[in-house]
Amino acid sequence: MGFSVEKAGLLTTVQDLGRYGYQKQGMVVSGAMDAFALRVANLLVGNAQNAAALEITLVGPRLLFQQDTLLAVTGADLSPRLDAKPLPMNQPVFVRAGTRLEFGRAVQGCRAYLALGGGVDVPPVMGSAATYLRAAVGGWHGRALQKDDQVPLKGLKPEQLKAWQERLPAPEPFLAAPWGVFPASLPPYAGNPTVRVVPGPEYGLFSSEAQEAFWQSPFQVAPASDRMGYRIAGPALTLKEPVEVLSSAVTFGTVQILANGNPIILMADRQTTGGYPRLGQVISADLPLLAQAKPGATIRFQQVSLAQAQELYYQQERTLAQLASALHLHLKR
Amino acid sequence: MSSVKLYPLGETAVVLQLGEEMAVETHQYVKAVARFLDQNPFPGLVEYVPAFTTVTVYYDPWLLSNRGQQDPYAVVEGHLTHLLAQLETGLEAEKPPVKKIPVVYGGEFGPDLEEVAQQAGLSPEEVITRHTRPEYLVYLIGFAPGFPYLGGLDPSLATPRKQVPRSVVPAGSVGIAGTQTGVYPLETPGGWQIIGRTPLVLFDPERELPSLLQMGDLVRFVPVSEKEYLKRKKQAHGF
């Protein structure tokens, strides 16, 4: 039961919202790169926002469902199809056992999220289902999905399953719910995003030219960018004078500047501490935009205050809270 | 303490800066704050990350702002200031037990022992003697799961990193990089000078405390034979 993997895709991993509480042991947090998209996908199928779902990177897998299930795809548009018919994104879709889900061209973004009714059934490790590939911890045996994997699902509650089965007319392989997320509720995904940044603890150690260049120049996402961090290419950002920075905590969105003046933006699989000066901190609300930027994308940075970052954080939480109550009403029917 | 500084790391964390330099006194302060947070967690505290001079406290801004009604940074700042005030008199400095780490030095387990010896102008045996003599202090666990930042390396053993990093360094490898010594918990690429290997598993997700070493521990390396290494390897895991 669950689904079988007929084609693995580039990098398909089980993720939730991350593994917290173990960073003082050096354990990396991991979790979804685009946490907003994962939370929305889970809400759409009636799961807890933190349920285990699939993060699908650029080239998607082909999956064959062996049980009837409710699913939702959010985040990047990787041309998802169900039995060769386009799958509507950002809304719940009920599929019959025997249906195939596959992906095609990457139209927009980098990472799609597939939530499934009840969630993917994997044992939690240190309280989380997130996959941390480098240490082979969590998720599906600590690794990305491979061809011929048989992945179990927790499944819908019996009464929910029955209600959906009654709604799905006999020959059809799937049924999309007539409701979903309004596009206006989604982050303003863009091929070349502008992301907002609060100056970091070591901002003042950089030369005024470097500070100016950071806010004014475009930076390009380098090919050597992954779940751990994005290397971005642009003008070299230099310190006023050389300083030794003692290792201290870094987090999702921390902009570190290496000795050669090149920035790295730390992402979901970041290390817990770092010894490079922290020029800035990408605000939480804009991390989804970064998560969806592909190698080669151009990124610009816009300075905001801590108060603005907090306000934008609240806005995103309010959007999710409204979505949660609206979807709850729909799913109850 | 007057030297303490608080500043934000984005909108989800506050950094407590408890000193400016790597020092045992600062470390004890960091440890005391960590212990206090363990015993007195406040609602909205996600977790904390201790380092050489800082304790970074992660919090939930949505919860602590009462869903956008008040400044969560100010709330956390208030909590932590209160905490520090209570701590001022409570600094204790009991000596933790010394954890022994068996290491087989040189040969295939420590391919860079000769190079370290040459650079230091010492015999390989003398390098082993000087590496096993000190009690090292675990300042923090960071960089990688279970990786200890150790203080106390004999300065005569300081050796620059390798010009070309190895693509694979086996788990348990004991190395030197500059004035640092440490143990690789996982197989990773790395540029440290590898002088030996321990059979102990430094990080095990199945253990209640996955990291074998904790911030504040004292560590001593103990030389063992290859036979002893293989025997310990079979028994595996903790001390």
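Biologist: Which residue of β13(B) is the bridge partner of Leu137(B)?

Modeller: The partner is Leu218(B), in a predicted model where local features need pLDDT of at least 70, side-chain atom pairs count only at pLDDT 80 or more, and totals for chains, interfaces and linings use all residues. Residues are numbered from 1 along each chain as its sequence is written, while chains are lettered from A and ligands numbered from 1 in the order in which they are written.

Biologist: What makes β6(B) and β13(B) a pair?

Modeller: Two strands pair if DSSP finds at least two bridges between them, and β6(B) and β13(B), residues 218–223, have two bridges in the antiparallel sense. The strands themselves are DSSP runs of E with at least two residues, whereas helices are runs of H or I with at least four, and both are numbered from the N terminus.

Biologist: How many bridges join β6(B) to β7(B)?

Modeller: Four bridges join β6(B) to β7(B), residues 148–151, and the two run antiparallel; Val138(B), for instance, has Leu150(B) as its bridge partner. These two strands form a hairpin with six residues between them, and Phe143(B) in the turn has a positive phi of about 70°.

Biologist: Why is β6(B) called largely enclosed?

Modeller: A residue is buried if 20 or more other C-beta atoms, placed from the backbone, lie within 10 Å of its own, exposed if 12 or fewer do, and partly exposed in between. Five of the six residues of β6(B), residues 136–141, are buried, so the strand is largely enclosed by the rest of the structure. Across chain B, buried residues make up 41% of the 239 residues, and the chain has six helices and 13 strands.

Biologist: How do you know which residues of chain A touch chain B, and how many do?

Modeller: Two residues are in contact if their C-beta atoms, placed from the backbone, lie within 7 Å, and by that rule 33 residues of chain A are in contact with 40 residues of chain B. On the chain A side, α5(A) gives the most, with six residues.

Biologist: What classes of residue make up that side of chain A?

Modeller: The side has 17 nonpolar, 14 polar and two charged residues, where Ala, Val, Leu, Ile, Met, Phe, Trp, Tyr, Cys and Pro count as nonpolar, Asp, Glu, Lys and Arg as charged, and the others, Gly among them, as polar.
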